[in-house]
Amino acid sequence: MTSDTATTLTVGALSAGPGTKVRGSVRAELGTLTTDVPVALINGSRPGPRVVITAGVHGGEFTGIDALHRLAGRLDPEQVRGQVLLCLVANPPAVYNGRLGTSPLDGININRVFPGDPEGSPTERLAAWLFENIIEGADAFVDLHAGRIDEFLRNFVGYRLTGDQELDAKTATMASVVGHEDVILGLNPDGGNSHAAAARLGIPAILVETGQLGERDPQAAERVVAALLRVIDFLNGDDVESRPVTEWVWAAFLASEAIGLWYPEFVPGTDVTEGQVIGRVVDPADGREHEVLAPATGRVFYGMRGLTVLPGTDLAAIAAPR
Ligand SMILES: [Zn+2]
């Protein structure tokens with residue numbers, strides 16, 4: 001589907017006619033409460049695809065939100081081809097209240113429940129609202145994430161293979177245009193990530209992870225802005241330089257088995273071997289150490305930097321070369 005720029009770009013009560021830009025917030029009903037989702041609608045004066053970009057799906061991940069705020073200010077509808085729909089804070093309860101990956105409303109990680117449930121919990125309803133109002137009408141979709149306040153992260157792009165070769169090839173090029181060195185593939189489009197649910201609808205969809213530890217980093221935000229402008233140009237058929245990338249697949253997600261103090265022995269980008277000690281969880285009551293072993297050989301792309309952990313706390317995510 002290619003959007004017709006003669007049509008108005010509408011989200012809820014907000015709409016932008018051809019050649020105009022509108023910023024505002026749109027109210028999502030979450031059952032017994034509501035949340036106001038800030039969006040920017042840039043409806044170009046020339047034809048082209050509808051590109052949808054979300055940030056603030058998780059709390060404590062600031063780079064993408066900052067980048068979309070900058071991009072919303074800069075995109076000129078007179079210059080834009082097609083339509084650009086920016087959702088600056090997709091999950092306001094998690095972003096403003098908890099600043100965590102899970103929502104304080106119901107403890108749910110929204111990026112595990114797409115396409116959502118309009119009759120479900122507040123977060124499941126928000127996912128359904130975002131999917132129906134923001135994501136579903138996209139010709140291409142980018143979801144921006146970062147390492148959270150207590151999370152190490154090495155920049156990467158993620159996407160899912162669908163088995164549709166034309167779609168997968170387009171998504172692969174979109175991923176390489178971002179400019180991050182590493183691309184992590186999911187071998188099927190299953191699961192509750194927004195980019196997976198979008199891929200199941202045939203939408204080229206990528207996850208872009210940039211920055212870590214909740215850092216306020218204007219340079220990282222500007223790199224994301226430049227990456228998004230390249231992606232938009234590529235989607236409009238321009239000859240955009242696609243960088244060589246290294247492809248990976250997820251090999252292991254390691255969670256803590258113990259409560260206590262976490263002393264990692266890696267940084268993002270460290271290569272580890274299965275069985276290697278990659279950190280220790282220390283019981284503050286008696287000082288005893290529990291060794292934490294790498295469950296797979298590969299490279300750590302993100303992990304916990306915070307000192308205190310519980311059973312089930314994510315400690316490290318490891319990917320292996322494809
Ligand atoms: Zn995230």
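Reader: Why does H58 count as buried?

Author: The cut-off for buried is under 20% relative accessible area; exposed is over 50%, and partly exposed lies in between (1.4 Å probe, protein chains only). H58 has 6% relative accessibility, so H58 is buried. This is a predicted model: local features need pLDDT of at least 70, side-chain atom pairs count only at pLDDT 80 or more, and totals for chains, interfaces and linings use all residues. Residues are numbered from 1 along each chain as its sequence is written, and side-chain values use heavy atoms, with hydrogens and water left out.

Reader: What makes R99 partly exposed?

Author: R99 has 45% relative accessibility, so R99 falls in the partly exposed class. R99 sits in the loop between α2 and α3. Its phi is positive, about 50°, although R99 is not a glycine.

Reader: Which atoms coordinate the zinc ion?

Author: Donors are N, O and S atoms within 2.8 Å of the metal (3.2 Å for Na, K and Ca); water is not among the atoms, so sites may look incomplete. Here the donors are H58 (ND1), E61 (OE), E61 (OE) and H145 (ND1), at 2.1 to 2.3 Å. Their residues follow the spacing H-x2-E-x83-H. E61 is buried because its relative accessibility is 5%.

Reader: Why is the arrangement around the zinc ion called irregular?

Author: Four donors count as tetrahedral if all angles lie between 85 and 135 degrees. Four count as square planar, and six as octahedral, if opposite donors are over 155 degrees apart and all others between 65 and 115; anything else is irregular. The four donor atoms subtend 58 to 148°, so the arrangement is irregular.

Reader: What is N111 in contact with, beyond its neighbours within four places in sequence?

Author: Contact means heavy atoms within 4.5 Å. The partners of N111 are V57, H58, D143, H145, G192, N193 and S194. N111 lies in the loop between α2 (92-98) and α3 (122-135). N111 counts as buried because its relative accessibility is 3%. P115 is found in the loop between α2 and α3, and a cis peptide bond with omega of about 10° joins F114 and P115.

Reader: How do you know that β3 and β4 pair?

Author: Two strands pair if DSSP finds at least two bridges between them. Helices (H or I, at least four residues) and strands (E, at least two) are DSSP runs, numbered from the N terminus. β3 (residues 20-29) and β4 (residues 34-43) have 10 bridges, in the antiparallel sense. V26 has V37 in β4 as its bridge partner. The hairpin has four residues between the strands, and G31 there takes a positive phi near 100°.

Reader: In which sense does β12 pair with β19?

Author: β12 and β19 (residues 314-321) are antiparallel, over seven bridges. L254 stands opposite A316 in β19. With β10 (residues 182-186), β12 (residues 246-255) runs parallel, joined by four bridges. L185 stands opposite V249 in β12.

Reader: What makes up the largest nonpolar core?

Author: A nonpolar core is a set of buried Ala, Val, Leu, Ile, Met, Phe, Trp, Tyr and Cys residues joined through side-chain atoms within 4.5 Å. The largest has 41 residues; I53, L68, L86, V142, L144 and I206 have the most contacts inside it. Helix α6 (residues 218-235) gives the most to this core, with nine residues. A second, separate core of 30 residues includes V26, V39, L126 and A127.
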